[in-house]
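Good morning, and thank you for coming. Please look at the sequence and the structure as I show them, and then I shall begin with a question.

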Amino acid sequence: MSLTGCKKPEYPACKKNKHCNQEMDEKCVDGTCQNCVENSECAGKGPNGQDYVCYEFRCVDPSEAAAGGSGQGSPCTSSLDCTGGLVCQAGSCNFCAQDMDCPTGTCDLGTGLCSDGMPGAPGSCTMDDDCAIDEICDGGMCIFSGDYGGDGEVLCELQAVFFGFDSPKLSPETEASLKAAAQCIADQGRLVYLEAHADPRGTEEYNILLTDRRGQGVKSFLQNLGVPPENMQVISKGSLEARGTDDQSYADDRRVEFIWQ
């Protein structure tokens with residue numbers, strides 16, 4: 001077990017989905033916020049229905065894409081409209097020159113970007129979301145644990161649930177299994193990780209998004225059955241741990257597992 005630095009990354013870099021623009025339905029994929037693969041997916045996503053363009057898998061203002069995706073030069077009315085640590089100056093996003101330019105944190109004169117203002121020393125945290133996806137916040141520090149810090153205790157007989165090829169849809173069998181387990185999960189009052197997996201077919205970026213949809217689908221179903229959402233956390237593994245080599249073994253890869261914290 002080792003201690004590692006866990007400072008919140010500078011957007012559009014990310015560790016968790018919550019570090020991304022939720023209003024734009026962005027997801028954290030391979031350490032970068034993403035929500036598109038082609039321009040048609042960004043139509044009407046700008047203010048007042050403005051058409052955005054897909055640049056490096058994010059829907060952005062055309063002027064931002066023209067500026068190389070940094071956001072420099074994008075129109076703004078306040079620094080809240082700017083991304084990546086830029087600040088609003090004379091109606092456009094630009095680099096900071098002094099601390100007072102930044103609404104939060106300080107200005108890094110080496111990069112010209114505002115810091116995110118996260119408190120505490122490197123590696124400090126107040127919640128699991130401050131840490132990397134394979135770390136938890138333990139005693140104010142981000143720590144890595146292969147089992148997410150769980151004690152191995154089996155609190156409910158929770159079996160993994162499985163999915164069809166290229167699908168996040170819950171089967172009738174899966175729904176029945178979740179209905180049978182929901183009350184037990186709700187009664188524990190403890191965090192359970194919903195670790196979602198995919199088979200090795202498809203790109204890793206696609207599989208991360210697919211497993212997130214699978215995990216979120218299980219979470220939403222259990223939430224509707226009375227399990228508090230704060231007691232569930234989705235871990236989207238993509239095909240990182242896939243072992244399948246044929247149709248039968250691929251089916252074992254397409255699953256969501258339950259791991260107690």
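Predicted model: local features only at pLDDT ≥ 70, side-chain atom pairs only at ≥ 80, totals over all residues.

Why is the disulfide of Cys36 and Cys54 right-handed? The torsion about its S-S bond is about 95°, so the disulfide has that hand. A disulfide here is a pair of cysteine sulfur atoms within 2.5 Å. In this pair the sulfur atoms are 2.1 Å apart. The link connects distant parts of the chain, 18 residues apart: Cys36 is in the loop between β2 (32-34) and β3 (53-55), while Cys54 is in strand β3. Helices (H or I, at least four residues) and strands (E, at least two) are DSSP runs, numbered from the N terminus.

Residues are numbered from 1 along each chain as its sequence is written, and side-chain values use heavy atoms, with hydrogens and water left out.

Cys36 and Cys54 are both buried, a word that means under 20% relative accessible area, with exposed over 50% and partly exposed in between (1.4 Å probe, protein chains only).

A search of the whole structure finds 2 disulfides. Cys42 and Cys59 also form one, with sulfur atoms 2.1 Å apart. This link is left-handed, with -80° about the S-S bond. Cys42 lies in the loop between β2 and β3 and Cys59 in strand β4 (residues 58-60), so the pair ties together parts that are 17 residues apart in sequence. Cys42 is buried at a relative accessible area of 0%, and Cys59 is buried at 4%.

Let us turn to a sheet. Four strands form an open sheet in the order β11-β14-β12-β13, with mixed pairing; two strands pair if DSSP finds at least two bridges between them. At the edges stand β11 (161-162) and β13 (232-236), each with a single partner strand, so one side of each has no neighbour in the sheet. Strands β11 and β14 (residues 255-260) run antiparallel and are joined by 2 bridges. Phe162 has Arg255 in β14 as its bridge partner.

Finally, how confident is the predictor, and where is its confidence lowest? The pLDDT is the predictor's confidence in each residue, from 0 to 100. Its mean over the chain is 76, and 72% of the residues reach 70 or more. Confidence is lowest in strand β10 (residues 141-144), at a mean of 49, and highest in β11, at 94.
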